[in-house]
Amino acid sequence: MADDRPPQEDEFSFHTGTVRPSEAPDAIEFIDVHKSFGRNHVLRGLNMSLPEDKISMILGPSGTGKSVCIKHIVGLLYPDEGDVIVHGRSVPSLPDAELFEMRKKFGVLFQDGALFGSMNLYDNVAFPLRQHTEKSEEEIAEIVNSRLREVGLGEANEKMPNELSGGMRKRAGFARALVLEPDIVLFDEPDSGLDPVRTALLCELIKEVHAENGGCYVVITHDIMSARRVAEHISVLWKGRIVESGPAQDLFASENPFVRQFLSGESTGPLGME
Ligand SMILES: Nc1ncnc2c1ncn2[C@@H]1O[C@H](COP(=O)(O)OP(=O)(O)O)[C@@H](O)[C@H]1O
Ligand SMILES: [Mg+2]
């Protein structure tokens with residue numbers, strides 16, 4: 001089947017589809033995914049694997065479809081063609097009830113933390129537990145307080161979201177994303193709108209929490225410094241496909257002109273202003 005595909009442009013020569021050097025099935029797999037919005041062909045035959053138990057980063061310029069990828073993983077968008085597989089199950093083929101069950105696997109941290117403005121911090125973090133579990137308020141209190149302490153917000157229980165800084169809102173969103181002990185945690189540009197020091201601290205926090213809990217972490221960013229700090233596995237997305245994907249050290253040593261330009265932030269190379 002691979003032989004029927006048209007030859008690909010040079011810049012995608014590293015892209016060979018879903019390869020499994022470790023033979024272990026990956027937590028998340030995109031297989032030949034196409035997605036258009038009207039005439040805007042965003043994902044153009046995307047093959048991408050995100051390994052189990054590692055911090056993976058999806059890097060790419062703004063508007064390349066990184067958020068669109070996350071929405072496919074959680075079943076908020078469906079591919080026009082191809083498949084998205086999470087822990088061996090095709091997300092687009094799941095009946096609604098099973099999709100609802102599967103979503104409990106995910107902790108998602110959206111760009112602004114996506115807190116409910118009318119609830120204090122404690123209630124925001126408790127919300128998924130009250131919604132999805134039968135736990136008592138005592139059990140909930142233990143989990144919520146320990147998660148808030150873990151992200152350095154142990155003293156901020158009563159604060160309303162509008163009383164928090166951007167960095168605190170993100171950490172609160174992170175605490176909330178963790179309360180159901182998700183197998184997969186998705187971060188959509190956790191570093192956006194943060195100054196470099198707070199970004200570095202958030203990256204450290206992501207690493208610490210991952211070391212403690214394990215699982216497949218997927219961090220989407222266009223920030224190379226964040227990638228250097230936390231990524232164990234990197235996929236570079238451009239024009240709707242993966243240019244190159246693999247262990248972080250391999251990507252930082254890549255010979256691919258686009259990957260080199262993008263990861264070094266140089267102004268000369270295949271990536272232009274268009
Ligand atoms: N629901 C939608 N309807 C129409 N166009 C969309 C939708 N979601 C994303 N797009 C378009 O898809 C492209 C990729 O968007 P996005 O995934 O948000 O980029 P980014 O890589 O910056 O996260 C953009 O051109 C955006 O306008
Ligand atoms: Mg985005």
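In strand S8, the bridge partner of Val185 is Tyr217. This pair belongs to the parallel pairing of S7 (residues 184-188) with S8 (residues 216-221), which extends over 5 bridges. The structure is a predicted model, in which local features need pLDDT of at least 70 and side-chain atom pairs count only at pLDDT 80 or more, whereas totals for chains, interfaces and linings use all residues. Residues are numbered from 1 along each chain as its sequence is written, and chains are lettered from A and ligands numbered from 1 in the order in which they are written. Helices (H or I, at least four residues) and strands (E, at least two) are DSSP runs numbered from the N terminus, and two strands pair if DSSP finds at least two bridges between them.

S7 and S8 are part of an open sheet of 6 strands with the order S6-S7-S8-S3-S9-S10 and mixed pairing. Its edges are formed by S6 (106-109) and S10 (241-247), each of which pairs on one side only. On average, and with direction ignored, neighbouring strands of this sheet are turned by 15° against each other. Here and below, axes are lines fitted to C-alpha atoms, for helices over the stretch in contact, and angles run from 0 to 180 degrees between N-to-C directions. Helix H1 lies across S3 (55-59), S7, S8 and S9 (233-238), and runs at about 155° to S7. Residues are taken to be in contact if their C-beta atoms, placed from the backbone, lie within 7 Å.

The other sheet described here is also open; its 4 strands follow the order S2-S1-S4-S5 with antiparallel pairing. S2 and S5 (89-90) are the edge strands, each pairing on one side only. Within this sheet, S1 (residues 28-37) and S4 (residues 81-86) run antiparallel and are joined by 5 bridges; Phe30 stands opposite Val84 in S4. S4 is in turn joined to S5 by 2 bridges, again in the antiparallel sense, with Val86 opposite Arg89 in S5. These two strands, S4 and S5, form a hairpin with 2 residues between them, and His87 in the turn has a positive phi of about 45°.

Several helix pairs pack against each other. The axes of H3 (residues 121-132) and H4 (residues 137-150) come within 10 Å and cross at roughly 130°; H3 and H4 are therefore oblique to each other. H3 passes H4 in a right-handed crossing. The contact involves Tyr122, Val125, Ala126, Leu129 and Arg130 of H3, together with Ile140, Ile143, Val144, Arg147 and Leu148 of H4. By class, the contact of H3 with H4 comprises 8 nonpolar, no polar and 2 charged residues. Ala, Val, Leu, Ile, Met, Phe, Trp, Tyr, Cys and Pro count as nonpolar, Asp, Glu, Lys and Arg as charged, and the others, Gly among them, as polar. For orientation, angles under 35 degrees count as roughly parallel, over 145 as roughly antiparallel, 65 to 115 as roughly perpendicular and the rest as oblique. A crossing is right-handed if the near helix is turned clockwise from the far one by less than a right angle, and left-handed if anticlockwise.

H3 also packs with H5 (residues 166-178), at an angle of about 30° and with the axes 7 Å apart, which makes H3 roughly parallel to H5. The crossing of H3 and H5 is right-handed. Leu121, Asn124, Val125, Phe127 and Pro128 of H3 make this contact with Ala172, Ala175 and Arg176 of H5. The contact of H3 with H5 contains 6 nonpolar, 1 polar and 1 charged residues.

The axes of H5 and H6 (residues 196-213) come within 11 Å and cross at roughly 15°, which makes H5 roughly parallel to H6. This crossing of H5 and H6 is likewise right-handed. Gly167, Lys170, Arg171 and Leu178 in H5 meet Arg198, Leu202, Leu205 and Val209 in H6. The contact of H5 with H6 divides into 4 nonpolar, 1 polar and 3 charged residues.

Ligand 1 is surrounded by Phe37, Asn40, Val42, Gly60, Ser62, Gly63, Thr64, Gly65, Lys66, Ser67 and Val68. A residue is near a molecule or strand if its C-beta atom, placed from the backbone, lies within 6 Å of it. S2 (40-50) and H1 (66-73) each supply at least two residues of this shell, and H1 contributes the largest share, 3 residues. The shell around ligand 1 divides into 3 nonpolar, 7 polar and 1 charged residues.

Terms used: Two residues are in contact if their C-beta atoms, placed from the backbone, lie within 7 Å.
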